[in-house]
Amino acid sequence: MATISDVAARAGVSTATVSRALNGKSTVDPTLAARVQEAAAELGYHPNGLARNLRRQETAVLALIISDVENPFFTAIARGVEDLAQRSGYSVVLCNSDENEDKERRYIEVALQERVAGVVLSPTGRSTNVEGLRRQGTPLVAVDRPLQAAEGDQVLVDTRHAAAQATRHLLDGGYRRVGCLTGPPGVRTAEDRLAGYADVVGEENVRFRRAEYRAEGARLAALELLDEPSPPDALLVANSTMAIGVLEALSARGLRPGSDVGIVSFDDAPWTTLIDPPLTVVAQPAYEVGRVAAQLLLARISDSSRDATTTTLEARLIVRKSSRR
């Protein structure tokens, strides 16, 4: 079994540097940290988690509480968290809150009872309560949706700007009555995407519906908009699961994406290039969100005195035929 000395020799650094790098210390030069991670992976080295956890009275486990395990966006976040955590000697337990505040609360209680080393959390909404984690000193990183107060590190995506960019793309493409299907009230991502859309069309031209981040709710909401006297000729959709419902609504009304109703959806799900026409999307860096969250969490585990940080990543518009007449 490889030792920390073996890793240090392979990477050409000291054992102290190896220890700091594998524990996510921000004081390690990124180039050296990458070299250490590569050497550890090549040698199959894992830190002595048992000894470390006995000192801290915690388990070498991170809890990942996400909003919807069926949403490819959150599964990509989970992969980003797990990949980095595994390389650092931690296991990850996946908890699906299912956009349900009661389930979220129970999972947070389980994390406290099991004394996990840290928690990555996608908050369900404004009522998310992390006071117990704060009191117990359990490190916390929020992803995708911010917490109400600065209760830990956060990794977000600038979806307001991305929604504005997508709306502008539809208008530039010749669509004139752009509508928006967004998520439920009180969810920050839903509010940001609606706000970005409104920034471009202007308050007097806003036409939108809210629904749960589910296909069926989006289908019914889209039908309502399409059945208006002056229906939208384009739609910005808040996520890929909702986009499925929107496509079903268009099919029910005999409308074709692109030529009849322009469509741009958040999240580049695997199926978006397999349909005809392929779907224009706002691709969020979900894997990177998870990777950065795990990196921040491990740094917080190593040094709880660090100031809380908010990291905001950018999304990318990928233009395909569903937004072209």
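In which segment does Ser322 lie? Ser322 lies in the segment after β12 (316-318), where helices (DSSP H or I, at least four residues) and strands (E, at least two) are numbered from the N terminus.

Before the details, a word on the basis. This is a predicted model, in which local features need pLDDT of at least 70 and side-chain atom pairs count only at pLDDT 80 or more, whereas totals for chains, interfaces and linings use all residues. Residues are numbered from 1 along each chain as its sequence is written, and side-chain values use heavy atoms, with hydrogens and water left out.

I begin with the overall picture. The protein has 12 helices and 12 strands. Along the principal axes, the C-alpha atoms fill a box of roughly 70 × 40 × 30 Å. Of the 325 residues, 53% are buried; buried means under 20% relative accessible area, exposed over 50%, and partly exposed in between, with a 1.4 Å probe and protein chains only. Contact means heavy atoms within 4.5 Å. Among contacts between residues at least 6 apart in sequence, 70% join residues at least 24 apart.

Let me return to Ser322. Ser322 is buried, with a relative accessible area of 0%. Its side chain reaches the backbone oxygen of Ile263 at 2.7 Å. Leaving aside neighbours within four places in sequence, the contacts of Ser322 include Tyr175, Pro257, Pro277 and Thr280.

Pro277 lies in the loop between β9 (262-266) and β10, and a cis peptide bond joins Asp276 to Pro277, with omega about 0°.

Finally, I turn to another loop. Which residues there have a positive phi? Asp98, at about 60°, and Glu99, at about 55°, although neither is a glycine. Asp98 is found between β2 (91-96) and α6 (101-113), and Glu99 is in the loop between β2 and α6. Asp98 is partly exposed at 33%, and Glu99 counts as partly exposed at 22%.

Key. A polar contact is a pair of N or O atoms within 3.5 Å; within protein, one must be able to donate a hydrogen and the other to accept it, and residues adjacent in sequence count only if both atoms are side-chain atoms.
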